[in-house]
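Here is a short briefing for a first look at a structure. Please keep the sequence and the 3D view open while you read.

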Amino acid sequence: MLENAAPSKVKFWPIMIAIFFGSFLSVMGISTINLALPFLIEDFHSDLNTIQWVLTGFMLSLGVIAPLTGYLGNRFGFKKLYLYSMVGFVIFSLLCALAWDTTSLIAFRILQGAFSGLVLPATMTIIFQVIPREKQAFAVSIWALSGMLSPAFGPTLSGWLIQNFSWEWLFYINIPIGIIAIIFIQLMIPDYRIGSRKPLDIAGLAIVVLSSTALLLGLSEGRQWGWTSWSTLGLFALGLVALAMFIWRELHTEHPLLNLRVFTNARFTISLVSATLIMISLYSGTLLIPLFLQNVQHISALDTGIIMLPASLIMALFMPVAGQLYSRLGPLWLTVAGVILILIGSYEMTRLDVGVSHGYIIFWMSVRNIGVSLAAAATGTAGMEEISGALSGDASAVNNWVRNVGGSFAIALFTSLLISHATSHGQTLAASGTQDQATIPLLAYTMSVNDVFMVATIIVAVALPLGLLVRKKRLVSPAAVSEAGLARAEQLS
């Protein structure tokens, strides 16, 4: 059923401005908190293994809530979904700033992440349902740019706020920006709804939450409990069994929470796996570099943000360039070139030492981030452009579910590896007796950061052969489209 369909002629820039603000704010919720982790540990008298849930819990709720996007979008329309999500994000930003202990902060961050997790799939769906097809690649690059500007300016803004005020202002700053976004959404995005209302698959939602939570707990606590302990193995087993049950149910129920049949489109599946691996590599840098600079080199929060600014800004500036290149080169060369740059930059980041220059970090992080821009723009567009308009909400929900759950798992894994390797390296250095005891923690932490960067390098290497499989989409003539029928005519080119 088609109700209040998006108009054939829309105002491109007003819609993109409204999308830009919300997407920027949603992603900034991830990028600003990294610099605050040492301060949260100190203020709440906690440790990294606990405080990382401020980030990991947020990322998990981003992914877990994504399957609801299609249902809520079909029920209320994607404009209303986007609007209500921003309202919820602003409310829980305020509550995060008012948190009184670690538990309350983590709880409010999880709920903030739930609303934030609806923003990206909703805005992506609006692009593919409202924006004219010939402008969609450019629109996606602007949409991605909004996400890239957050890690560009987020750390610097975060460092300035922490140094001059307090970590609470990382959340207070969301309120005025969020209100501006709400006004823009209401005024600039057309009100429409495509598709029919479907009942909510409550059982599917419960199973996917159980699966994601069990697997994430296993990754986060496995270091403390022991990777072969019954608790850890039991959580992994529960998570995998629940995941299998979820997949089976979604393929057999009449109204699935997630339409997993979009995976039958090979181009979508390959592009999504590649995009997830690329984003995991991106998260490794945004997590590890602030911790290294603050804990090893004892750099202030503001200086850490300034050091991270050039590489992140370069990544943001390359996003629209990649969007324009996509229409000329297609996904193959952009993805391959991007992954190669990520590989080179990530490998060089495995060679840090305690006294490494900031110029070295800025240069190789810039190389990595240029690669992320090229590959992310290519895989993001390639995966969605063959999905019909009616299924774009389902595909967007699947896209964000996989990427955000994968990101939360990656952060949990990286944090666990960082802590465990730092401990083992410290024990080895102490036993050798060849190092000054005062420098052992710094050396051990640096070696652990290098180890985790190597893991991230290996992960993104898997995306290279996958990128070779996605070729430039063939143009389809109007006659061919007509012969293919209405369903084919709805596909995005």
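A crossing is left-handed if the near helix is turned anticlockwise from the far one by less than a right angle, and right-handed if clockwise. Helices (H or I, at least four residues) and strands (E, at least two) are DSSP runs, numbered from the N terminus. This is a predicted model, in which local features need pLDDT of at least 70, side-chain atom pairs count only at pLDDT 80 or more, and totals for chains, interfaces and linings use all residues. Residues are numbered from 1 along each chain as its sequence is written, and side-chain values use heavy atoms, with hydrogens and water left out.

**Overall shape**

- The protein chain holds 20 helices and 2 strands.
- Its radius of gyration (taken over C-alpha atoms) is 22 Å, close to the 23 Å from the globule rule (2.2 Å times the number of residues to the power 0.38) for 493 residues, so the chain is as compact as a globular protein of that length.
- Along the principal axes, the C-alpha atoms fill a box of roughly 75 × 45 × 45 Å.

**Confidence**

- Where pLDDT is low, the predicted coordinates should not be read in detail.

**Helix 12 with helix 13**

- Helix 12 (residues 266–295) and helix 13 (residues 301–329) pack at about 160°, with axes 9 Å apart. Axes are lines fitted to C-alpha atoms, for helices over the stretch in contact, and angles run from 0 to 180 degrees between N-to-C directions.
- That angle makes the two helices roughly antiparallel (over 145 degrees).
- Helix 12 passes helix 13 in a right-handed crossing.
- Among the residues that meet are L282, I289 and L293 of helix 12 and I307, M308 and M315 of helix 13.
- The contact has 9 nonpolar (Ala, Val, Leu, Ile, Met, Phe, Trp, Tyr, Cys and Pro), 3 polar (the others, Gly among them) and 1 charged (Asp, Glu, Lys and Arg) residues.

**Helix 12 with helix 17**

- Helix 12 and helix 17 (residues 440–461) have axes that come within 9 Å and cross at roughly 170°.
- This pair is therefore roughly antiparallel.
- The contact has 15 nonpolar, 5 polar and no charged residues.
- I289 of helix 12 is listed in the contact with helix 17 and in the one with helix 13.

**Helix 14 with helix 15**

- Helix 14 (residues 331–348) and helix 15 (residues 358–384) pack at about 155°, with axes 7 Å apart.
- That makes helix 14 roughly antiparallel to helix 15.
- Helix 14 passes helix 15 in a left-handed crossing.
- The contact divides into 16 nonpolar, 6 polar and 2 charged residues.

Technical notes. Angles under 35 degrees count as roughly parallel, over 145 as roughly antiparallel, 65 to 115 as roughly perpendicular and the rest as oblique. Contact means heavy atoms within 4.5 Å.
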